[in-house]
Amino acid sequence: MKILLLGKDGQVGWELQRALAPLGELHALGRVDVDLCDTDGLRARVRAIGPDVIVNAAAWTAVDRAESEEAAAQAVNARAPTVLAEEAARMNAWLVHYSTDYVFDGRKDGAYDEQDAVNPLSAYGRSKAAGEEGIRAGGARHLILRTGWVFGRGQNFARTILSLAREREQIKVVADQFGAPTAAGLLADATALALYRIAALGARADALSGTYHVAAGGRTSWHACARHLVAEAMAAGAPLRATPEGILPIATADWPAPAARPANGALDCGKFCAAFGLVLPDWRHHLNRFVATLAADSKVSP
């Protein structure tokens, strides 16, 4: 298959370059290659490549900045995916697009499934929800993959906590927001395996078109995750000033931010696992490997 990947330089896009390459002819584009806000240019680029699959890993992810720049967030997270869906429908291609737990308000007690109503609390969440609707209206066969708490290449929560733990004996971390830290590599591998199954099924794969939740297994809080990170890093020999006991819980209300976050971002991934025959590992699995890699690369310990 011929695959067009957008957002190649982001956390998920970087891993997708590796995961998608064995599936066929991969055209990977980054921010310098195509402007998602230029809809005419975006359409022209898609038509010039003529892919069988478009994988859109590009997004506006500056959650707090979106509160003051919502039009820009809408252009990238809503209008661009809608254009991609329209172009995919025109050439009978598949579209894979990544969405977020921020489309929910976080007030549900249990994990969210795909049938739950969206109710975003922030400008970022509204832009992602609008992108989902644009894709569905575009008429293309698609996989909308909702996820959350993504970590991988570049700056992220795990790197921030370990950096602070080298400098401080105590770190305050929000303890009343819940989800599952999900590795960018896990998302990329799950995407590649889903596309492999779609290719193998041929026309029968059309029934798989839809929205899915894809995240690591289990559930934790930012606070518990931070304690786990510090414990793993210490076990790997990192010279940290903070111990797990030095990670102090605070409430979201004590850490004000421009954008509201859903208190519960847990996602039920049963539909995806059943459709594509996969098992999504517990959140600790990839996080432990991430810490071990940092230690091996001397990014945690000198």
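Residues are numbered from 1 along each chain as its sequence is written. In this predicted model, local features need pLDDT of at least 70, side-chain atom pairs count only at pLDDT 80 or more, totals for chains, interfaces and linings use all residues, and side-chain values use heavy atoms, with hydrogens and water left out.

Q: How many Å apart are the end C-alpha atoms of helix α4?
A: Helices (H or I, at least four residues) and strands (E, at least two) are DSSP runs, numbered from the N terminus. The expected span of a helix is 1.5 Å times one less than its number of residues. Helix α4 has 16 residues, 123-138, so it should span 22 Å. The model agrees: the end C-alpha atoms are apart by 22 Å.

Q: What covers the buried residues of α4?
A: Buried means under 20% relative accessible area, exposed over 50%, partly exposed in between (1.4 Å probe, protein chains only). In α4, the buried residues include Tyr-124, Lys-128 and Ile-135. Their cover includes α3 (70-90), β4 (94-100) and β5 (141-147).

Q: Which residue just after α4 takes a positive phi?
A: Helix α4 covers residues 123-138. Just after α4, a phi of about 90° belongs to Gly-139.

Q: What is the angle between the planes of Phe-104 and Tyr-112?
A: Rings of Phe, Tyr and Trp (its six-membered ring) pair if their centres lie within 6.5 Å; planes under 30 degrees apart count as stacked, over 60 as edge-to-face and the rest as tilted. The whole structure holds 8 aromatic pairs. Phe-104 and Tyr-112 form a stacked one, 4.2 Å centre to centre, with a plane angle of 10°.

Q: Is Phe-104 buried or exposed?
A: Its relative accessibility is 1%. Phe-104 therefore counts as buried.

Q: How many residues apart are Trp-149 and Trp-222?
A: These two rings are stacked, at 3.6 Å centre to centre. Trp-149 lies in the loop between β5 and β6 (150-151), and Trp-222 in helix α7 (residues 222-235). The pair links distant parts of the chain, and the separation in residues is 73.

Q: Which residues does Thr-100 touch, not counting residues up to four places away in sequence?
A: Thr-100 is found in strand β4. Thr-100 is buried, because its relative accessible area is 5%. Contact means heavy atoms within 4.5 Å. By that test, Thr-100 touches Tyr-124, Lys-128, Arg-146 and Thr-147.
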